[in-house]
Amino acid sequence: MTDARSAYDAWHAGFEVDAEADAPWHRLVRAHLPPLSGKRLIEIGCGRGGFSVWLARQGPAEVVAIDFSPGAVEKGAAFGRQAGLTNLRFEVGDIQAIAHPEASFDVAVSCETVEHVPDPARAVRELARVLKPGGLLLLTTPNYFGLMGLYRGYRRVVGRPFTELGQPINNFTMLPRTRSWVRAAGLEVLALDGVGHYLPFPGRPPIPMPFLERPRALMRWLALHSFVAAVKR
């Protein structure tokens with residue numbers, strides 16, 4: 001665990017706080033976010049805290065922002081203090097063993113995180129555990145069910161393992177698989193969504209293909225950025 005934590009500290013050290021919090025996965029969560037007034041929210045895998053600050057500005061009673069990397073948490077906490085928010089606190093923690101009691105939160109948010117831990121299914125079970133009855137999970141993961149998945153396989157065949165911007169752990173996730181983890185955790189799936197279609201090309205960044213965004217109900221299954229909303233009954 002110490003080696004993994006050091007690796008993620010080193011990874012986060014190379015990036016600034018995502019102050020705009022406008023990545024595709026953030027936009028997916030925003031599109032499905034319920035009113036937060038008076039609610040207690042956990043964002044785990046908060047990284048350097050840009051989206052945590054955005055969430056805290058939406059009026060919840062409290063946002064608890066957690067990341068495995070102490071370096072990322074330090075950056076996020078500094079950004080939160082700069083924003084002057086009193087309803088936001090940062091903690092170092094592990095999504096596979098969340099240090100909060102059962103039924104602690106009204107909303108759980110996790111963006112692009114479970115694919116970067118040794119046991120994604122366990123991470124989803126932990127997210128379900130800390131939700132109150134009636135609580136909502138908003139979860140995003142990459143979806144390698146389309147062209148980017150084929151490209152990832154090609155990289156493996158030619159001996160150049162695929163990573164997501166150099167992250168230490170990169171599990172192979174697909175929207176159907178993520179949905180199965182959510183259901184196995186005892187949650188009821190309310191919505192599936194996805195955006196982002198790209199043509200991979202060796203030696204250069206993937207080429208966006210926005211014309212494939214429609215029809216959304218069909219193409220979400222092939223989109224790279226996938227989203228699941230689920231409730232704890």
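Buried means under 20% relative accessible area, exposed over 50%, and partly exposed in between (1.4 Å probe, protein chains only). This is a predicted model, in which local features need pLDDT of at least 70, side-chain atom pairs count only at pLDDT 80 or more, and totals for chains, interfaces and linings use all residues. Residues are numbered from 1 along each chain as its sequence is written, and side-chain values use heavy atoms, without hydrogens and water. Phenylalanine 51 is buried, at 1% relative accessible area.

**Aromatic pairs**
- There are five aromatic pairs (Phe, Tyr or six-membered Trp rings with centres within 6.5 Å; planes under 30 degrees apart are stacked, over 60 edge-to-face, the rest tilted).
- The rings of phenylalanine 51 and tryptophan 54 are stacked, with centres 5.5 Å apart and planes at 10°.
- Tryptophan 54 is partly exposed, with a relative accessible area of 22%.
- Tyrosine 144 and phenylalanine 162 form an edge-to-face pair, with ring centres 5.7 Å apart and planes at 80°.
- Tyrosine 144 is buried at 5% relative accessible area, and phenylalanine 162 is buried at 15%.
- Tyr144, Phe162 and Phe172 make up one aromatic cluster.

**Charges over rings**
- Arginine 30 places its charged end over the ring of tryptophan 54, 4.4 Å from the centre (NZ of Lys or CZ of Arg within 6 Å of the ring centre and within 35 degrees of the ring normal).
- Arginine 5 lies over the face of phenylalanine 68, 4.1 Å from the ring centre.

**Cysteines**
- The structure has zero disulfides (cysteine sulfur pairs within 2.5 Å).
- The sulfur of cysteine 46 is 11 Å from its closest cysteine sulfur, in cysteine 111, so it is too far for a bond.
- Cysteine 46 is buried at 6% relative accessible area, and cysteine 111 is buried at 7%.
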